[in-house]
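Here's a friendly walk through one protein chain for anyone meeting it for the first time. Have a look at the sequence and the structure, then read on.

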Amino acid sequence: MDGLSLNAEPIFDDETEEFKIDGECAMTEYVGQSGVIEGKNPVLPAVGMEFETYEDVYYFYNCYAKVQGFGVRVSNTWYRKSRERYRGKLSCSSAGFKKKSEANRPRPETRTGCPAMIKFRLMANKRWRIIEVELEHNHLLSPSAEKFYKSHRNISSGSKRPLQMDANQDVQKIRLFRTVIIDPDDDRKLNIDEGEFRNTIDQSNNHLILKSGDAQAIHSFFIDLQLVNPDFFYVMDLNEKGCLRNVFWAEARFKAAYNYFGDVVRIDTACLTTKYEVPLVVIAGVNHHGQSVPLGCGLVAGETVESFIWLLRAWLTYMVGRPPQTIIIDQSRAMQTAIADVLPQSSHCISLSHIMKKVPEELGGLHEYEVIKKEFTKAIYQSSRTDEFEAAWEDMILCHGIRDHKWLQTLHEDRKHWVPVYLKDTFLAGMFPITVSEKEASPFDEYLSNHTPLKEFLDAYNQCPKEIYQREALADTKSRNSSFMLKSRFYFEMQLSKVYTNHIFEKFQIEIEGMFSCLSTRQVSIDGSIVTYMVKEHEVENVNEARDYEVTLNTVVAEVLCACGLFNLEGFLCRHALCVLSQNGFEEIPPQYILSRWRKDIHRSYVLDYGCNLIDTKNSVHRYDNLYKCAVKLVEEGRKSNERYKFTLEALGEILKEVSLQDHNTL
């Protein structure tokens with residue numbers, strides 16, 4: 001069980017997109033019973049992949065080709081004088097062109113000169129490394145035609161096991177990864193499972209800074225989790241000297257949670273910027289109770305573009321290639337560059353909370369700091385239009401003579417990624433604070449501080465996901481059993497009290513109460529079915545001041561849009577839109593504005609039912625997980641002696657007969 005378990009069972013209907021993992025991961029041997037990839041293989045051939053034998057490279061590329069829908073043939077193999085192979089090239093079966101024939105009836109040309117191929121060579125460590133890759137084909141691919149390709153009907157006799165090519169079998173076994181673990185001792189030597197060599201690396205950000213025993217602790221941590229969770233995923237990145245550089249891991253429930261809450265994710269790199277002992281990067285979402293839930297974890301050598309690209313690609317591999325709609329990050333040029341490279345389809349925003357935390361550090365030394373801070377905050381949180389923000393920002397810059405301030409210049413350049421008024425068209429699911437009092441939270445805040453050692457964090461880690469899921473299950477129970485005191489006679493309020501979770505409904509009630517501050521709703525224009533209104537709302541802090549909000553309503557399709565942008569920011573309609581709907585005779589909120597991600601009446605399969613002995617027996621995933629854990633314990637006991645092995649094998653046979661008999665009786 002010391003291999004990487006890459007589970008690629010898709011949880012979305014969408015087709016996956018092409019991507020690869022960079023980094024020198026060693027792929028050295030078959031992983032027996034656990035080495036199974038279900039569905040599409042997300043691991044594309046990539047430069048830097050290593051294999052134990054020449055045949056292993058062929059096996060891997062042939063499995064990839066079968067899924068994609070093309071055949072494989074050996075284009076070239078280079079030999080030394082000793083007849084030892086040291087270099088190879090595998091190509092698409094449509095590569096090149098056949099030699100012209102003088103026959104009366106020459107066979108029709110089937111090749112297209114396809115450029116798709118991989119080149120690989122034998123390295124000094126006696127492993128075969130891919131050194132060049134071309135993924136693009138110049139012809140159509142057809143996975144359904146796999147049985148017509150010779151390479152898919154059999155595989156090289158030198159392979160350790162035959163390639164399963166049954167057309168009815170969806171599960172294919174492919175070669176997976178095992179990495180070398182290196183642990184620095186006090187004398188600066190590094191222990192490997194096959195020997196030692198001296199650490200001569202002095203490059204910054206090229207390897208994790210680990211204390212003695214940390215690397216082995218990481219390895220043991222992964223093995224233990226994989227034993228009790230068959231779908232646990234981890235991958236390690238080694239530098240050119242074999243030192244641990246980056247690490248990524250995710251649990252099966254992270255992927256399941258991403259299915260429900262993967263529209264907006266937050267990448268928390270606070271541990272890197274504030275110099276924690278544990279260089280943890282957390283990828284998180286927010287559930288239907290507004291609680292932070294983990295979607296992936298990593299340890300990185302530093303805040304570099306290379307490390308972030310590797311981490312994002314590892315995470316995207318586990319999530320089967322589907323990117324989120326929006327990504328919220330800390331203020332980091334390296335992370336912005338990495339997202340543009342790996343996730344160009346996703347919108348990215350810079351955390352406003354992270355920016356506000358840096359204000360004392362970046363502006364504290366300025367003359368009239370308190371006044372500048374107040375104007376800075378007002379421009380951000382109280383601007384309802386972009387021109388209003390620009391005017392307030394320019395006034396602040398001119399009044400205090402701070403136009404040359406580098407940090408403020410950078411902020412202004414990036415304003416479209418962090419100022420709320422620019423983000424009204426970006427869905428943020430309540431993960432982007434739009435008031436000064438709102439804060440962001442990481443799932444691991446309670447388990448990690450600046451001085452927490454890595455071993456201590458890993459020991460405490462197991463408790464964190466349990467508490468997260470327990471907290472969510474308890475909130476589910478409360479939401480299902482709660483009844484609210486309604487604050488108005490609007491049916492909107494009663495409507496959502498029946499479907500939304502307590503947390504989201506309480507936030508929505510604030511908008512219901514806010515409707516009483518909207519004193520007038522007047523029609524200003526009409527263009528066919530689209531009617532424009534102006535809603536005047538009194539300011540909370542100053543009742544003598546009022547602000548106008550433009551709201552448009554398409555009466556045919558019941559689409560309403562407010563200039564305040566609350567629906568995209570929070571995921572429910574604002575008071576201004578509700579006023580317009582009410583004035584136009586709408587008794588219910590249109591269904592497109594009741595998001596499923598906030599509903600309490602949807603059963604989400606990854607959360608345990610804590611009222612049923614911690615297992616939801618109605619859920620096949622939970623039944624599988626629990627039975628697997630029990631089976632692993634049985635196997636561990638049964639392997640300890642020959643007598644135990646025989647007894648366990650016989651007992652399992654009897655159990656299997658009984659289970660089959662019970663199933664037959666049920667039928």
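## A loop residue and its contacts

Setting aside neighbours within four places in sequence, alanine 563 touches Ser384, Lys424 and Glu550. Keep in mind that what you're looking at is a predicted model. Alanine 563 sits in the loop between strand E21 (559-562) and helix H16 (566-570).

As for alanine 577, it lies 14 residues from alanine 563 in sequence, and the C-alpha atoms of the two are 9.4 Å apart in space.

## The chain as a whole

Stepping back, the chain has 19 helices and 21 strands. It runs to 667 residues, and 49% of them are buried. If you take the contacts with a separation of 6 or more, 63% are between residues 24 or more positions apart.

## An open sheet of seven strands

Now for the sheet. Its 7 strands are arranged in the order E11-E12-E15-E14-E13-E16-E17, making an open sheet with mixed pairing. At the edges are E11 and strand E17 (347-350), each of which pairs on one side only. On average, neighbouring strands here are turned by 20 degrees against each other, direction ignored.

Both senses of pairing turn up. E11 and strand E12 (residues 244-250) are antiparallel and share 6 bridges, while strand E13 (residues 264-268) and strand E16 (residues 326-329) run parallel, joined by 4 bridges. To pick out individual partners, methionine 236 is bridged to valine 247 in E12, and arginine 266 to isoleucine 328 in E16.

## A closer look at E11

How many residues of strand E11 (residues 233-238) are buried? The count is 6 of the 6, so the strand is largely enclosed by the rest of the structure.

In a regular strand, side chains alternate between the two faces of the sheet. In E11, Phe233, Val235 and Asp237 point one way, Tyr234, Met236 and Leu238 point the other way, and all are buried. The hairpin of E11 and E12 has 5 residues between the strands, and there glycine 242 takes a positive phi near 85 degrees.

Which strands does helix H6 (residues 305-318) lie across? They are E11, E12, E13, strand E14 (280-286) and strand E15 (292-299), and H6 runs at about 25 degrees to E12.

Helix H4 (residues 252-261) is mostly covered, with 7 of its 10 residues buried. Among the buried residues of H4 are Phe254, Tyr258 and Phe261, along with Arg253 and Lys255.

## A nonpolar patch on the surface

Finally, look for Leu634, Leu652, Ile655 and Val659. Together they form a nonpolar patch on the surface, with about 320 Å² of accessible area. Helix H19 (residues 642-666) gives the most to this patch, contributing 3 residues.

Isoleucine 655 belongs to helix H19. Its relative accessible area is 47%, so isoleucine 655 counts as partly exposed. An α-helix has 3.6 residues a turn, so residues three or four places apart point the same way.

Conventions:
Residues are numbered from 1 along each chain as its sequence is written. This is a predicted model: local features need pLDDT of at least 70, side-chain atom pairs count only at pLDDT 80 or more; totals for chains, interfaces and linings use all residues. Side-chain values use heavy atoms; hydrogens and water are left out. Patches are made of residues with over 30% relative accessible area and no salt bridge: like charges are joined within 9 Å, nonpolar side chains (Val, Leu, Ile, Met, Phe, Trp, Tyr) within 5 Å. Accessible areas come from the Shrake-Rupley method with a 1.4 Å probe; for residues, only the protein chains shown count as cover. A salt bridge is a side-chain nitrogen of Lys or Arg within 4 Å of a carboxyl oxygen of Asp or Glu. Helices (H or I, at least four residues) and strands (E, at least two) are DSSP runs, numbered from the N terminus. Buried means under 20% relative accessible area, exposed over 50%, partly exposed in between (1.4 Å probe, protein chains only). Two strands pair if DSSP finds at least two bridges between them. Contact means heavy atoms within 4.5 Å. Axes are lines fitted to C-alpha atoms, for helices over the stretch in contact, and angles run from 0 to 180 degrees between N-to-C directions.
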